[in-house]
Amino acid sequence: MSKDASRAEKSGLAAEIQKTMEEKWKQALAEGAPQRVVDWINEVLQGEPGYTPCAGYDAKDIAAHLKSGVVLCKLINKLVGKKLVSYNEKSTQRFVCMGQIESFVKATQSEFGLVTAETFQANDLYEGITANMINIVNSLHLFGLKANKKGCRPEYKGPGKLATENKRNFTDEEIKASSAAQLSRVAAGSTGGATQAGMSFGTTRKM
């Protein structure tokens, strides 16, 4: 990404949105949301051959643990008790990792009923920017609740109930500004992102 593109991304309304998302991450961390998600993933995959538990709860720790998509694919396969999605543990190529993340996201929709507004973009996880990690944690929180509803075990111990109505947190102008920032990344050479994001813990928004 060029310096000009980076400055454009972090200026004006886009910068305010990024700051808001970073604050939401800090709040979620203080409330224990990332911890519950990580502990659940570690519990589900405990004893799986080659699995190393996530070492921490910081955004960078979680992003590094999940960015290849392998852990997510193993997670959903274990929960449903079959090989629902395929993955390549050895490849570290960007397009392979992003494809594996996308496969997981699609499986949460087809098998667990998550809607687009409850998912996240593969690019957000792969890049691991702190401001975007709240989207990933929020989506995994909702995934855990829906896994509980299907009777999957171990049970996810996150708080809350599945909402019957989801309302967006940002105005149309803010959403447009966020989209413009994403276009700046693409124009600067960054690609990827299967589905939309932009959620805060416990709530989602619709486009």
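Here is a briefing on this chain, grouped by topic.

This is a predicted model, in which local features need pLDDT of at least 70 and side-chain atom pairs count only at pLDDT 80 or more, while totals for chains, interfaces and linings use all residues. Residues are numbered from 1 along each chain as its sequence is written, and side-chain values use heavy atoms, with hydrogens and water left out.

**The overall picture**

- The chain has nine helices and zero strands; helices (H or I, at least four residues) and strands (E, at least two) are DSSP runs, numbered from the N terminus.
- Read from the N terminus, the elements go α-α-α-α-α-α-α-α-α.
- Of the 207 residues in the chain, 46% are buried. Buried means under 20% relative accessible area, exposed means over 50%, and partly exposed lies in between, using a 1.4 Å probe and protein chains only.
- Contact means heavy atoms within 4.5 Å. Among contacts between residues at least 6 apart in sequence, 70% join residues at least 24 apart.

**The largest nonpolar core**

- A nonpolar core is a set of buried Ala, Val, Leu, Ile, Met, Phe, Trp, Tyr and Cys residues joined through side-chain atoms within 4.5 Å.
- The largest one holds 47 residues, and Trp 40, Ile 41, Leu 66, Leu 140 and Phe 143 touch the most other members.
- Two or more residues come from each of helix 2 (12-31), helix 3 (33-44), helix 4 (59-66), helix 5 (70-80), helix 6 (94-112), helix 7 (122-127) and helix 8 (130-149).
- Which helix gives the most to this core? Helix 8 does, with nine residues.
- Leaving aside neighbours within four places in sequence, Trp 40 is in contact with Leu 75, Leu 79, Leu 140, Phe 143, Gly 144, Ala 147, Pro 154, Glu 155 and Tyr 156.

**Two helices that pack on helix 8**

- Two packed helices are described by the angle between their axes and the distance between the axes. Axes are lines fitted to C-alpha atoms, for helices over the stretch in contact, and angles run from 0 to 180 degrees between N-to-C directions.
- Helix 3 packs on helix 8 at an angle of about 55°, with the axes 10 Å apart. That makes helix 3 oblique to helix 8; angles under 35 degrees count as roughly parallel, over 145 as roughly antiparallel, 65 to 115 as roughly perpendicular and the rest as oblique.
- Helix 3 and helix 8 cross in a left-handed way. A crossing is left-handed if the near helix is turned anticlockwise from the far one by less than a right angle, and right-handed if clockwise.
- On the helix 3 side, Ala 33, Pro 34, Val 37, Trp 40 and Ile 41 meet Val 137, Leu 140, His 141, Phe 143, Gly 144 and Ala 147 in helix 8. These residues divide into nine nonpolar, two polar and no charged.
- For these classes, Ala, Val, Leu, Ile, Met, Phe, Trp, Tyr, Cys and Pro count as nonpolar, Asp, Glu, Lys and Arg as charged, and the others, Gly among them, as polar.
- Helix 2 and helix 8 pack at an angle of about 55°, with their axes 7 Å apart. That makes helix 2 oblique to helix 8, and the crossing of helix 2 and helix 8 is left-handed.
- Gln 18, Met 21, Glu 22, Lys 24, Trp 25 and Ala 28 in helix 2 meet Thr 130, Ala 131, Met 133, Ile 134, Asn 135 and Val 137 in helix 8. By class, this contact has seven nonpolar, three polar and two charged residues.

**Helix 5 and what covers it**

- Is helix 5 largely enclosed or largely open? Nine of its eleven residues are buried, so helix 5 is largely enclosed by the rest of the structure.
- The cover over its buried residues includes helix 3, helix 4, helix 6, helix 7 and helix 8.
- Gly 81 follows helix 5 and has a positive phi, near 75°.

- Gln 100 is in helix 6 and counts as buried, at 5% relative accessibility.
- Ser 103, also found in helix 6, is partly exposed, with a relative accessible area of 29%.
- Lys 83 is in the loop between helix 5 and helix 6 and is exposed, with a relative accessible area of 65%.

**A cis bond**

- The peptide bond from Arg 153 to Pro 154 is cis, with omega near 5°. Pro 154 lies in the loop between helix 8 and helix 9 (172-187).
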